[in-house]
Amino acid sequence: MKNKRRDFLKLTGIAGIGIAGNMFKGFAVPTENHLNSNLLVSSINPVDEKDLSIIGLYGPWATALNDNKLPAFSFRRKEWSKLEAWRRAAKRRLIERLAIPDIGGTPNPNVIKQYIYDGLYIEELSWQLPYGRPTEAILLKPLNAKGRLPAILAFHDHGGRKSFSIRKITRTSDYQHPIIEGHQKHLYDGLAWANEIAKRGYVVLVSDAFPFGSRRVMMQDVPEQMREGLNDIDPENSGNIDRYDDWARAHEHIMARSLFSAGTTWPAISFAEDQKALDVLCARADVDANRIGCGGLSLGGMRTVFMGGLDPRIKCAVCVGFMTTWKDLVLSKLHTWATYVPLLPNELNFPEILGLRAPLPALVLNDEDDDLYTPPEMKEAQKILTEVYKKAGAENNFKCSYYPGPHKFDKKMQGEAFDWFDKWLNSAAPKGS
């Protein structure tokens with residue numbers, strides 16, 4: 001029974017796993033047999049898998065609410081003719097829908113540790129927000145670098161793992177936890193991509209996202225009846241990690257409901273905390289605050305969409321493995337609660353959030369066999385962003401590329417991403433290094 005429950009949690013909790021819901025489209029249930037209607041329809045008139053919806057018969061109706069309509073604040077609408085006026089209005093509405101809380105000014109980071117590894121100078125940092133435990137972060141930059149350097153705010157992924165965070169995309173010693181080693185091999189061609197971009201002449205900051213790593217919900221902080229026998233002892237034990245991450249997947253639903261009840265949203269908290277990390281990065285004496293980019297895979301791509309769309313300090317954005325439309329999320333795919341903003345689909349389609357940065361450059365990298373999205377909606381998102389940038393007079397500042405294979409940010413994709421950062425932030429960097 002426990003294994004069945006774990007399988008269910010993995011299916012429903014991890015970002016992006018689609019579930020077929022409607023087996024009975026178009027079948028009228030006889031009125032005289034209501035009690036046995038499920039039995040009757042289960043074997044009659046099956047439908048093609050591609051026509052199924054994750055919310056059953058309600059899917060076509062729900063998607064029709066906004067299908068083939070331009071959202072109210074879409075720059076593609078004729079009434080929005082001036083870029084700046086549109087951006088101001090659309091950003092204001094997005095901020096209202098997110099309900100971003102005030103979490104204070106620039107944090108005061110503490111340097112926990114300094115050392116050299118992989119040809120890089122590394123700092124382990126932490127800072128205290130007005131709530132929760134301290135946020136932990138890793139900063140990397142080229143050894144013996146002089147002056148102010150361009151910088152990257154590097155976002156880690158979700159991957160169904162809240163126990164780990166910044167370690168997913170960094171490497172700071174010869175030893176790696178076996179789970180992290182497998183994670184990087186599976187998603188990143190065995191590379192710690194934050195290290196690799198730092199070597200090209202960047203200051204790179206990787207911080208824990210809400211609620212991952214140091215920002216995760218600890219067992220000691222929730223009522224005992226919710227802990228399912230878990231505790232915070234021996235957090236590096238692989239068995240304990242697996243058990244915690246199963247628990248944390250199910251807890252996403254609780255967290256999201258609580259945040260809605262508090263008058264805010266999960267994406268708002270995630271964005272607010274990422275913005276504090278950007279504040280920390282911009283305040284450093286070794287960073288050129290006019291040359292900062294951000295990027296990441298999956299959850300990191302989603303974080304890039306909101307940060308790149310809302311904060312003009314991000315001069316270059318690279319979204320990897322998180323570009324689709326709201327329609328995909330209505331009909332076909334489940335994603336982490338960190339994605340959803342109530343009512344926003346009436347006003348902006350998902351890719352238009354990133355489009356708010358136009359004419360500032362943006363790169364989108366997709367995987368052709370990514371099962372977190374459907375190919376038609378990835379193509380539709382590309383079309384939307386192309387139209388936004390063209391209307392903004394900056395069509396050359398947007399690019400979308402597709403790579404064979406499943407959900408990942410492999411070496412070839414990293415090469416294109418790094419060259420894109422170099423083009424806009426660090427033209428002196430050697431290409432393809």
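Tutor: A residue counts as buried when its relative accessible area is under 20% and as exposed when that area is over 50%, with partly exposed in between. Cys282 has a relative accessible area of 16%, so it is buried. The model here is predicted.

Student: How many residues of the chain count as buried, as a percentage?

Tutor: The chain has 433 residues, and 53% of them count as buried. Its accessible surface is about 19500 Å², with 54% of that belonging to carbon and sulfur atoms.

Student: How many helices and strands are there in the chain?

Tutor: The chain holds 13 helices and 9 strands. As for contacts between residues at least 6 apart in sequence, 73% of them join residues at least 24 apart.

Student: Which residues touch the most other members in the largest nonpolar core?

Tutor: A core of this kind is a set of buried nonpolar residues, such as Leu, Phe or Met, joined through side-chain atoms within 4.5 Å. The largest one in this chain has 82 residues, and those touching the most other members are Leu94, Leu205, Phe306, Met323, Phe350 and Leu354. Helix α8, residues 266–282, gives the most to this core, namely 10 residues.

Student: What does Leu94 touch, not counting residues up to four places away in sequence?

Tutor: With those neighbours left out, Leu94 touches Phe306, Leu310, Leu344, Leu348, Ile353 and Leu356. There is also a second, separate core of 33 residues, with Leu140, Ala154, Ile166 and Phe421 among them.

Student: Which strands are joined to β6 by bridges?

Tutor: Strand β4, residues 149–155, runs parallel to β6 and is joined to it by 6 bridges. Strand β7, residues 314–320, also runs parallel to β6, and 6 bridges join the pair. For individual pairs, take Leu149, whose bridge partner in β6 is Val287, and Leu297, which stands opposite Val320 in β7. From β6 the chain passes through helix α9, residues 299–310, to β7, giving a right-handed β-α-β crossover.

Student: Is strand β6 mostly covered or mostly uncovered?

Tutor: Strand β6 spans residues 287–297 and is mostly covered, with 8 of its 11 residues buried.

Student: How many disulfides does a search of the whole structure find?

Tutor: The search finds 0 disulfides. The test is a pair of cysteine sulfur atoms within 2.5 Å. For Cys400, the nearest cysteine sulfur is that of Cys319, 9.1 Å away, and Cys400 is in no disulfide. The relative accessibility of Cys400 is 16%, which means that it counts as buried.

Student: Where is a peptide bond cis?

Tutor: The value to read is omega. The bond from Phe210 to Pro211 is cis, with omega near -10°, and Pro211 lies in the loop between β5 (203–207) and α7 (238–261). Another cis bond joins Ala358 and Pro359, with omega about 10°. Pro359 is in the loop between α11 (350–355) and β8 (362–367).

Student: Which residues have a positive phi although they are not glycine?

Tutor: Asp189 is one of them, with phi about 60°. Its place is the loop between α5 (178–188) and α6 (193–198). Asp234 also has a positive phi, of about 55°, and is found in the loop between β5 and α7.

Student: Why does Asp234 count as partly exposed?

Tutor: Asp234 counts as partly exposed because its relative accessibility is 42%. Asp189 has a relative accessible area of 47%, so it is partly exposed.

How values were computed: Residues are numbered from 1 along each chain as its sequence is written. This is a predicted model: local features need pLDDT of at least 70, side-chain atom pairs count only at pLDDT 80 or more; totals for chains, interfaces and linings use all residues. Side-chain values use heavy atoms; hydrogens and water are left out. Helices (H or I, at least four residues) and strands (E, at least two) are DSSP runs, numbered from the N terminus. Buried means under 20% relative accessible area, exposed over 50%, partly exposed in between (1.4 Å probe, protein chains only). Contact means heavy atoms within 4.5 Å. Accessible areas come from the Shrake-Rupley method with a 1.4 Å probe; for residues, only the protein chains shown count as cover. Two strands pair if DSSP finds at least two bridges between them. A crossover is right-handed if, with the strands pointing away from the viewer, the path from the first strand over the helix to the second runs clockwise.
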